[in-house]
Protein chains: 2
Amino acid sequence: MKRVKIVVAYDGTMYCGWQVQENGITVEEILNKKLSELLREDIIIIGASRTDSGVHALGNVAVFDTESRIPPEKMSYALNQRLPEDIVIQHSCEVPLDWHPRYQDCSKTYEYKIYNHHFPNPLARRYSHFVYYPLDIEKMQQAADFLKGEHDFKSFCSKRGQQLTSVREIYELTVTKKEDMITIHIRGNGFLYNMVRIIAGTLIKVGLGVYPPDYVKEILQGLDRNLAGPKAPACGLTLVGINYGKNS
Amino acid sequence: MKRVKIVVAYDGTMYCGWQVQENGITVEEILNKKLSELLREDIIIIGASRTDSGVHALGNVAVFDTESRIPPEKMSYALNQRLPEDIVIQHSCEVPLDWHPRYQDCSKTYEYKIYNHHFPNPLARRYSHFVYYPLDIEKMQQAADFLKGEHDFKSFCSKRGQQLTSVREIYELTVTKKEDMITIHIRGNGFLYNMVRIIAGTLIKVGLGVYPPDYVKEILQGLDRNLAGPKAPACGLTLVGINYGKNS
C-alpha cells in the first residue's frame, strides 16, 4: 500500500463545496468516484481544506491510500482524463504513509478578489465579487495591517467552527489593485470557519468608509462575531495553495 | 426619434456569437428582446462587430433608434436589470442619427489569451486556450512584428469573408507573458473573418517551433489561407474595445 498526495485546482461555481454532503455534488465526491474507477478499488480521499460552496481552489491538497501499481506521479494525467473540465489535478506524488494533509504545520494562502467598477464585468463575474461603490484600498491596507500577526480571531469566525482555539497567525495580508480588480492576499498558519470571507467583508466596509481602519482593532478585541462585517460572497474566494515546508 | 449607442460586454461561452441565427441563442437576439421589452417598441440593434460563437467582448458597440423618453445615459442601468449576468451594458449615450458603428474609421482591439502550462487551470479555462507544450514568446513576437503595418491579409482569412479587399492595417501586435498566461494584443483598422484567430493559431505554431518566425512573411506573400496556421479556438478571444476617435 502507498499513500498518494494530489494537488487539486477547481472552479467551485458548480459545486456545493469540497466535503461530501447530501444536498449537492461536491469536489470530494467527484474525486472519490473517479479515483475509484481509475484505480479499481474504493478510494476515500482526505482533503486539507474543506472549502465552502462556490469557493475556488488553485492548490487544495488531498491524500489517499491505494494498492494500485500505477506510478503515483502518473495518476494526475490518468485522472484528468476522467474529470470534468472544472476540476484539474495539478500534481500527484507518493508521500510517507503517516503524512496527513491537516495535522501538521503548514501555511495556507487565499486570495479574495473584488471587481470594483461602475458596471460588472461578465468575464470576471465567476471569480470575483462585484462592488459598485469605489473602495479606498489605502484604508483597507491600514485596517489589514492590524490583523497581521497572532491574534484571537473569534470575531472573524462563523458559529459553526469547532476548533479548540480561535488563535491564528496571519503572516501576510495585502490589498492591491490592478485596473478595476482589487486582490486581498492572505497567508496564515490556518483559518477559522469563514474567516477569510469575514475579513474580506470587513475590509470592504472599511474601503467604503463605513468603518474607520482602526475599528478593526476593536473588532479583534471584542471577540464577538457581531462586531465584524458580513461574510463576503463565496465566488470571490480562491484557495491559492498550501505550503507544507521543505519536508513535502 | 433618437439614436442610442451602447457598449456591451459579454461572456460568449453560452452564445452562438453576436448575430441572430437559427441554430442557437445570440447576444444580438437577447439585446433586441430585452430592449424591446424595456422601451415597449420593436428595437433592432446594429452591432459593430459580429463576434463568432464562443468569442467574448469587453467593449462591443451597437446602436438602435428609439422614440423612448428614457434618458439614453440611464438605459444601461435599466437594461442591465433585465439582462442575464453574462451580458452587461457598460455605457449608453445618444449619438447623431447618422452615426453608424461600422461605416466609419475606427480601430478595434482584440486580445487572444493562451494558458501555457503543464496542466489546465480550471479558473482560466473559459477565457483562454490551453497549450501544453512550452511556447517561445520571443519567437512569437518576432513573427508578430512581420504582421504589423498595412498588408493584404488574404492568407489570414477564412473563406466566408465577403469583403471587397483583404488589405488591412495592424497598428499594434504584442505577445507578452505573465506567469503562465500569454496575451496576444492586437489593434488594427479592421479585421477579416477569423483573422485574429488565424493569426493566433499561426503565432502558436511559431511559438512551438513548427514555423520559423520569418515564415510569416511567406504566408503573407502567398495570399493563400492554406499557408497559415489553424484557427485558434474561440474561447481565447476577447474583443477588448472599439475606438472611434475623438468624435464619439
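A salt bridge is a side-chain nitrogen of Lys or Arg within 4 Å of a carboxyl oxygen of Asp or Glu. I looked for one between the chains and found B:R125 paired with A:E85, N to O at 3.3 Å.

**Ground rules.** I'm working with a predicted model, where local features need pLDDT of at least 70 and side-chain atom pairs count only at pLDDT 80 or more, while totals for chains, interfaces and linings use all residues. Residues are numbered from 1 along each chain as its sequence is written, chains are lettered from A and ligands numbered from 1 in the order written, and side-chain values use heavy atoms, leaving out hydrogens and water.

**Chain A by itself.** Along its principal axes, the C-alpha trace spans about 60 × 40 × 35 Å. I then checked the radius of gyration, taken over C-alpha atoms; the globule rule is 2.2 Å times the number of residues to the power 0.38. For 248 residues a compact globule would come out near 18 Å, and chain A has 19 Å, which agrees.

**Salt bridges.** Over all chains, I get 20 of them. In one, A:E37 meets A:R82, with the closest N and O atoms 3.6 Å apart. A:E37 is in helix α1 (residues 27–39) and A:R82 in helix α2, so this pair ties together parts that are 45 residues apart in sequence.

**Where A meets B.** I found 28 residues of chain A in contact with 28 of chain B (heavy atoms within 4.5 Å). The buried area is about 2,100 Å², with 60% from carbon and sulfur atoms; that is the accessible area (1.4 Å probe) that two parts lose on being put together, summed over both. A:F119, A:L123 and A:R125 supply 32% of what chain A buries there, more than any other three residues.

Which element of chain A gives the most to the side that touches chain B? It's β4(A), with 5 residues.

Definitions and conventions
Helix = DSSP H or I, 4+ residues; strand = E, 2+ residues; numbered from the N terminus.
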